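This report concerns salt bridges in one protein model. Please look at the sequence and structure below before reading on.

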Amino acid sequence: MKIAALVGSKREDSYNHRIALFMQERYRDQLDIDIKDIASLPHFDQDDEENPPEVVQQFKKEIREADGILIVTPEYNHSVPGMLKNALDWCSRVDKVMTGKPVLIAGASPGFLGTVRCQVHLRQILAAPGMAAKVLPGNEVFIGAVHQKMDDEGSITDTGTVEFLDMVVGNYVNFAELERKKEELAGNGNR
Ligand SMILES: Cc1cc2nc3c(=O)[nH]c(=O)nc-3n(C[C@H](O)[C@H](O)[C@H](O)COP(=O)(O)O)c2cc1C
């Protein structure tokens, strides 16, 4: 299953980016995860939405062609980082490339709550008419105190967290497969 991953942090030592890499490696037999470069997307401009810059066109093409989306993001000021919101805004206009995509959300922070507030907003955003993504219900991956749960090589060392991720990814694969079949039955197979 081809998965486009969006990471909400461009920080060099980002925990969230490391988690995306960890998932890419650990679940490579189930998911073919490709981490997209959303940091190089220009700010969304409604004047350009019909004919966006090449980098945006390429990004939207890759999202359209993906079987599913993985979002791994920190929380900024109790919400979604602007860089991630910007990428989603591009996706939401003209050709609405997130529509019907099965989405798995995860987030990590050194704080206790592990991006709870961000993810509440993110689920709301992904339900907007221009998005209409199919977010895996439940299965909320909040990795708090992440600095105590990873080693310097970027592996998650906390067994409970890894076991939970294994379960969530299994649920996601089943969910995405079911959604794909439903889309096919509805005649939207090549959306
Ligand atoms: C602008 C900004 C706002 C932040 N706001 C929050 C917040 O609301 N909640 C939280 O748990 N952490 C917050 N943090 C701390 C981040 O969780 C922390 O920097 C984290 O390591 C960022 O993720 P990353 O390691 O993937 O870059 C904020 C950090 C920045 C730079």
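The sections below cover the basis of the values, then individual salt bridges.

## Basis

This is a predicted model, in which local features need pLDDT of at least 70, side-chain atom pairs count only at pLDDT 80 or more, and totals for chains, interfaces and linings use all residues. Residues are numbered from 1 along each chain as its sequence is written, and side-chain values use heavy atoms, with hydrogens and water left out.

The structure holds 16 salt bridges; a salt bridge is a side-chain nitrogen of Lys or Arg within 4 Å of a carboxyl oxygen of Asp or Glu.

## R64 and D95

R64 and D95 form a salt bridge, with 2.5 Å between the closest N and O atoms. The pair links distant parts of the chain, 31 residues apart: R64 is in helix 2 (residues 54–65), and D95 is in the loop between helix 3 (82–91) and strand 4 (102–108). Helices (H or I, at least four residues) and strands (E, at least two) are DSSP runs, numbered from the N terminus.

R64 is partly exposed at 36% relative accessible area, and D95 is partly exposed at 28%. Buried means under 20% relative accessible area, exposed over 50%, and partly exposed in between (1.4 Å probe, protein chains only).

## E75 and R117

A salt bridge joins the side chains of E75 and R117 at 3.0 Å, N to O. E75 is buried, at 18%, whereas R117 is partly exposed, at 34%.

## E179 and K182

E179 forms a salt bridge with K182, the closest N and O atoms lying 3.2 Å apart. Both residues are in helix 5 (residues 159–185), 3 residues apart, so about one helical turn separates them. E179 is buried at 7%; K182 is partly exposed at 46%.

A network of salt bridges links K134, E179, K182 and E183.
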